[in-house]
Amino acid sequence: MEKHTIKRILSYLRPFKKEFILAGLLLAVATAIGFLQPLVIRQITDGGMLAQNLPELFWGVAALALLVLLNQGAEMAQTRLFVNVHNRSYYTIFQEVFHKLLRLRKSYFEDKNNAEILSCLQMDVSQVASITDRYTVMSVSYVFRIISGLVGLLMISWKLTLIVLAMVPLKVLLVRRLSGKQEKAMDQMIESSRDFSQWFGDNLEGIDEIKLWNLFESRDQAFQAKQKGVLKLQKDSAMIDAWNTLWETLLEWSVTILLYLVGGLLICQGGLTIGSVFAFVSYSWYVTGPVSALLNLKMYFARILPSAKRLFRFLDMESEQDQGKGQALALPPRLEFKDVAFSYQADRQILRGASFCVQPGEKVAIVGENGSGKSTILNLLLRFYTPDAGEITADGVPVSQLSLAGYRSLFSVVSQEPYLFLGDIAGNIDLTGQAPAARVAAAMETSGVTGYTAQMPQGVNTQIGRNGARLSGGEKQKLAVARALLKNAPVVILDEATSGFDAESDAYLHQVIVNQMAGKSVVMITHHYEHLEGMDRVYRLKDGLIYEEACTQ
């Protein structure tokens, strides 16, 4: 499982082959510079300082300065390259996530709030995108640096080289033990953060109830408990990294101290020069540092894997089914429910054999008490859900065989709680931004939006806040009606559409439905029994069944 996940993570590196070739060239330059620097230092020490040769000293220092400048230039070029690669990979992954999110089944959003979804996805995308960070890609350079370091070590003293290599198995044992703990800690931290985001978002969405019920103290206590849990897990993860760093530092300094001791003895015995020992210590860091970095990749992936597994589970979730071929339909088509059964939970059936039809151009009302399943019929008709049994057809064709986008384009919907986007009134009526101004104005006039925008200083350009927070219930509903009228779809669905209307506006909209929607099919879903005059047919929904006259052919 982990191998498959790692392969999938690494697949995000494939689009950047050219960048990695350039990075390889820069790494080759950096490796060559790194190999030369200790040799130059040895020459400065032995040939310049100890020999008191000033020209040798000056030329050595100049050469070292040039190597440092070249190395820093290569470092800056690599940094710029990796930042661009990381940003592009982050964008690509997040775009894939957003594309998936818009196409998931409606059931995915039922037990999650926006804060939870955004927090979890941002964390997961950020972790997976870090695969293109410099640390991961630079791991390739560590191999070259280790090789060049070993060559340098062996050139100076094979005996001292054994001391350096003795550190490797100790580091392997340390990383193996800590990486398992880190993966477990990261998994717990992700779940704790998800739980907190869910709780936090729920409180923001229920802020009115918190104020009305004076829940400040209890919510503060819950916040403290949840935050302490999150912070404790973050501390545990940080301490695992800290222990890894501590032992790594102790190992590396132990090697360095031992090298100075043994090297000093060899100098005293005439086996090595002072410059050779300095150069050897420098080369030892070329080995111990990169070896630690390569071994720490296991720790690195231990932090990424939990997020990657969760992200890939999300991306592999089943989207809305769209296997249709886009067959042509009459406008409007004949819509029919045939013995449709549906339940949200196994032990709670909402519909148990509902049958009804809407003839082309017919105005139909579906009435029933709250909770009887009226909105479920709407969700099934719009293919947000799939029936457990039975069939829904359009002109006799099962709707599952029709193109999803083409099928939904048949409908204009005004729901009981329409969602309004951030922006102004005009943008929430013309969602595509492409409708002719005359049509927008006509929809606003017919729906009654013009009546209240005329009193606003900025008119249709008035900002409405989150989900229309700056509008009254009636104003929001009229805006939603205008949006539906502008779409001009052949089938109009009104789901408790006048819930925020006053009596006068309710009567006016009813008159618009009856008299100004000639040729369109209209489905009115309501629990009110008044204003049903003008309907061609009225269905009553009760106990999961629909009672009314037989469907005409």
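This is a predicted model: local features need pLDDT of at least 70, side-chain atom pairs count only at pLDDT 80 or more; totals for chains, interfaces and linings use all residues.
Contact here means heavy atoms within 4.5 Å. Helix α12, spanning residues 374-381, lies across β3, β6, β7, β8, β9 and β10. Its direction makes an angle of about 150 degrees with β7, the strand at 491-495.

The sheet itself is an open one, built from six strands. Reading across, the order goes β6-β7-β8-β3-β9-β10, and the pairing is mixed. At the edges sit β6 (411-414) and β10 (545-547), each of which pairs on one side only. Going from one strand to the next, the twist averages 20 degrees.

Zooming in on one pair of strands, β3 (residues 363-367) and β8 (residues 521-526) run parallel and are joined by five bridges. Within this pairing, I366 stands opposite I525 in β8.

Two cavities of 30 Å³ or more turn up in the structure. The second largest cavity holds about 40 Å³ of space. Its lining is made up of L335, E336, F337, F356, C357, V358, L381 and V523. Sorted by class, the lining of the second largest cavity comes out as seven nonpolar residues, one charged residue and no polar ones.

The cavity also links back to the parts described above: L381 is one of its lining residues, and helix α12 covers residues 374-381. Likewise, V523 belongs to the lining, while strand β8 takes in residues 521-526.

Definitions and conventions: Residues are numbered from 1 along each chain as its sequence is written. Side-chain values use heavy atoms; hydrogens and water are left out. On a 1 Å grid over the protein atoms alone, a cavity is a set of points where a 1.4 Å probe fits but cannot get out, and a pocket is an open set with protein on both sides within 12 Å along at least five of seven lines; lining residues have an atom within 4 Å of a point. Grid points are joined across faces, edges and corners, and a volume is the space filled by probe spheres set on the points. Ala, Val, Leu, Ile, Met, Phe, Trp, Tyr, Cys and Pro count as nonpolar, Asp, Glu, Lys and Arg as charged, and the others, Gly among them, as polar. Two strands pair if DSSP finds at least two bridges between them. Helices (H or I, at least four residues) and strands (E, at least two) are DSSP runs, numbered from the N terminus. Axes are lines fitted to C-alpha atoms, for helices over the stretch in contact, and angles run from 0 to 180 degrees between N-to-C directions.
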